[in-house]
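Subject: The structure I promised you

Hi,

Here is the structure we talked about. Have a look at it first, then read my notes with it open beside you.

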Amino acid sequence: MADVTFQSAGEVLVAYLSGEIDHHTAQMLRQRIDETTLRQLPRVLVLDFGGVSFMDSSGVGLILGRQRRMMQLEGKLVVQHPPAAVERMLQLARVAYQKGGQA
């Protein structure tokens, strides 16, 4: 089961993802992240994958969809602690990411 918790500081909203992200759980995560983003309207949305134990292509869709959403809101998406298998895709999609640390 996947989960997401949030922490905000100024114009930065961090979504801490945990558990397994697959086609069953990605929709719930999308909905919770989008609702919180629209409520808080951050300039930067950080998706932290540090607690994720498994992620399939649904997680990639989650990232790319949030990137589009933040672009529509004239904000920025940053991915933290991405799974190693996802890093190259993030480079190709020009999604900013950090292996560790805070945005």
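Predicted model: local features only at pLDDT ≥ 70, side-chain atom pairs only at ≥ 80, totals over all residues.

**The core**

Start with the largest nonpolar core, which has 22 residues. The members that touch the most others are Leu17, Ile21, Ile33, Leu47, Phe49, Ile63 and Leu77. Two or more residues each come from β2 (12–21), α1 (26–40), β3 (44–55), α2 (57–72), β4 (76–80) and α3 (84–92). Strand β3 gives the largest share, five residues. As background, nonpolar side chains in soluble globular proteins tend to be buried together.

Apart from neighbours within four places in sequence, Ile63 is in contact with Leu47, Phe49, Met55, Leu77, Val79, Val86, Leu90 and Val95.

**Helix α2**

Ile63 is one of the buried residues of α2, and the others are Ser58, Gly59, Leu62, Gly65, Arg66, Gln67 and Met70. What do these buried residues pack against? They pack against β2, α1, β3, β4 and α3.

You can check the length of this helix yourself. With 16 residues at 1.5 Å a residue, α2 should span 22 Å, and its end C-alpha atoms are 23 Å apart, so the two agree.

Asp56 caps the N-terminal end of α2, with a side-chain oxygen 2.8 Å from the backbone nitrogen of Ser58. After the helix comes Glu74, which has a positive phi, near 60 degrees.

**Arg66**

Not counting residues up to four places away in sequence, Arg66 touches Arg30, Ile33, Asp34, Leu45, Leu47, Gly61 and Leu77.

**Strand β4 and its partners**

Next, find β4. Four of its five residues are buried, so β4 is largely enclosed by the rest of the structure. Strands β3 and β4 run parallel and are joined by five bridges; in one of the pairings, Lys76 of β4 is the bridge partner of Val44. To get from β3 to β4 the chain goes through α2, and this β-α-β crossover is right-handed.

How many bridges join β4 to strand β5 (residues 96–98)? There are three, and these strands also run parallel. Here Val79 has Tyr97 in β5 as its bridge partner. With α3, the strands β4 and β5 make a right-handed β-α-β unit.

**Leu13**

Last stop: Leu13, in strand β2. Leu13 counts as buried because its relative accessibility is 0%. Leaving aside neighbours within four places in sequence, Leu13 is in contact with Phe6, Gln7, Ser8, Thr36, Thr37, Gln40, Pro42, Val44, Leu45 and Val46.

Cheers

How values were computed:
Residues numbered from 1 in each chain as written. Heavy atoms only, no water. Core = buried A, V, L, I, M, F, W, Y, C linked by side-chain atoms within 4.5 Å. Buried < 20%, exposed > 50% of the residue type's maximum accessible area, 1.4 Å probe, protein only. Contact = heavy atoms within 4.5 Å. Expected span 1.5 Å × (residues − 1). Polar contact = N/O pair within 3.5 Å; in protein donor to acceptor, adjacent residues only side chain to side chain. Pairing = 2+ DSSP bridges. Right-handed = clockwise from strand over helix to strand, strands pointing away.
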